Amino acid sequence: MPEEPERTPAPWELDFPPEEVEFVRSRLDDPAELIARLRREGDFAIELARADTRPILVSWFRQMGIERREGGWSHDPERTGPIGPSAVGVEWNWVGKHDENDKEGRTFNDIAPSGRSVTVHGFTLMGAEDGRFMVRRYIDWAGLFAQLGLSLNWRTPVASEPPDRDATEDEEPGA
Amino acid sequence: MGDGMPYHLEKGPLLRIFEGHLNGDRAKLEAALGAFETAESDDSVEWLFAGSPELWNDPAFGTGDPGDRRPTADQMRRRVLTEWFGYEEDAAGKWGPKQPPDPTTGYWIGYRGDVHRIVRTAMKWALKLALGTGSDDRSRQPQPWPIELFWKCPAPWFEAWVVSRRVPRTDMGLVTVFLVSPSHEGASVAESPIAHSPVATPPGGGHPIPSTEDDYELLGEHPHPIPGRPRVKNPVDRDFATWVVTHKQHRIFGHVGRGTGARGNGAAELDRENYTAGPRELSDLTIPQLARWEGRDEIVVVAPSMAAGGVKHDGKV
């Protein structure tokens, strides 16, 4: 029998308690039991939300304390727990510095490291969608971009045709 | 500053009027430089009134009569003072920074800075370069170098660039001032450089758009898009011209972000851009790129109309 090629673990698996990885992996396509446990065991939900985001965040921003705040990933227990009949939410934040990552040499979107301190605010909603375990991450991207000094250009792209012509072209055929 | 700014770079009628009154013989530029130096020592905006005495009497400005849609000189000057510099007029008619200052300057979005002093310093330096002030050979030249002005928008903050160069094998050179600004309230930009409208400001207001007014031209398109209107001049024979070279059209497109290894133009990818929250698989976390633009169709060479920020072939307003 030929050997199965070794599977490359997903980033979350490397940041999750090894003894629990298989439990989660085996239930991604049939997540009722996984979700029930996440709703029942708050620490388990926090671990999974952390494993889902932390490996990515640490590749963007060096984990570093700023202004007497401890660096890294943390959650807010006041806004963490079961939501609705079949989901669980974790509010979290990441504290670090937009500095060159010492391991991989990567930084946020490959933009030049600014040395700026950043706090990424996010809320992860975990549940089943179309029968599969999925996450929705509501991340304050605009706040993060502002901390990095990035700005929008605030010039609305518009058609070069006069407005009445726009309306005609936008109409559905036969409308 | 024309009837709006549908392109990223502009000269337009107001900067062309400024150029017309800024340039001239040595005595004229020296007088203008004196006005800037006085304004600098007084820390005033008086140069805008005294730098070129005939500027605000230019017949290109509107008369204020009913039926004359052109802005008057006073309206345009007030717009420069309030919208660009963020200044206000006191009871004695003296202009100065708004007190208390607004969170942002003038009508610029997301920016606070001393636009007036930037412009004043840049213009004074441009005049010195045009006159060759301090130069051993150029300071005695009867004719100063011409100065031209452009406005580039947007940028995160306000800058003025003063670019000078000699013209080889002549005694002359050129000084170009680029006023680089943040975006401003109500700003838009046309997704295509091609004009379909007879006017840059369509009736009823709305955003400015490219227009077929004087002296718009899409290079290579004959006859002129306006029936019966002759081509103003062979493009290479224009005395003045600004040409934008870009795709004929620009559209938003979506593709999967960096690090996923997949790219495409499909609706699913666009959905990812439009709704960054998900739903996603574990570890599928990418950085929103905001709108991504794709240049489509052929590359075109277009001279915008003066009303849309271009310049007439003869430099007139």
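Trainee: How many residues does helix H4 of chain A have, and what distance does it reach from its first C-alpha to its last?

Mentor: This is a predicted model, in which local features need pLDDT of at least 70 and side-chain atom pairs count only at pLDDT 80 or more, while totals for chains, interfaces and linings use all residues. Residues are numbered from 1 along each chain as its sequence is written, and chains are lettered from A and ligands numbered from 1 in the order in which they are written. Helices (H or I, at least four residues) and strands (E, at least two) are DSSP runs, numbered from the N terminus, and the expected span of a helix is 1.5 Å times one less than its number of residues. For H4(A), residues 42-60, that expectation is 27 Å; the helix has 19 residues and reaches 27 Å.

Trainee: At which residue does H4(A) bend?

Mentor: The bend is the angle between axes fitted to the seven residues ending at a residue and the seven starting there. In H4(A) the angle is about 35°, and Pro55(A) follows within four residues of the bend, which lies at Arg54(A).

Trainee: Which element gives the most to the side of chain A that touches chain B?

Mentor: Contact requires C-beta atoms, placed from the backbone, within 7 Å; 28 residues of chain A are in contact with 32 residues of chain B. H1, H4, S5, S6 and H6 of chain A each supply at least two residues of that side. With five residues, the element that gives the most is S5(A).

Trainee: In S7(B), what is the bridge partner of Thr156(A)?

Mentor: Two strands pair if DSSP finds at least two bridges between them. S6(A) and S7(B), residues 188-190, pair in the parallel sense over three bridges. In S7(B), the partner of Thr156(A) is Ser188(B).

Trainee: Which strands stand at the edges of the open sheet in chain B?

Mentor: The sheet has three strands in the order S8-S10-S9, with antiparallel pairing. Nine bridges join S9(B) to S10(B). Each edge strand has a single partner strand, so one side of each is left without a neighbour in the sheet; these strands are S8(B) and S9(B).

Trainee: Over which residues of chain A does pLDDT stay under 50?

Mentor: pLDDT is the predictor's confidence in each residue, from 0 to 100, and chain A averages 89. Where pLDDT is low, the predicted coordinates should not be read in detail. The model has three contacts beyond four places in sequence for the stretch under 50, residues 165-175.

Methods: Contact = placed C-beta atoms within 7 Å.
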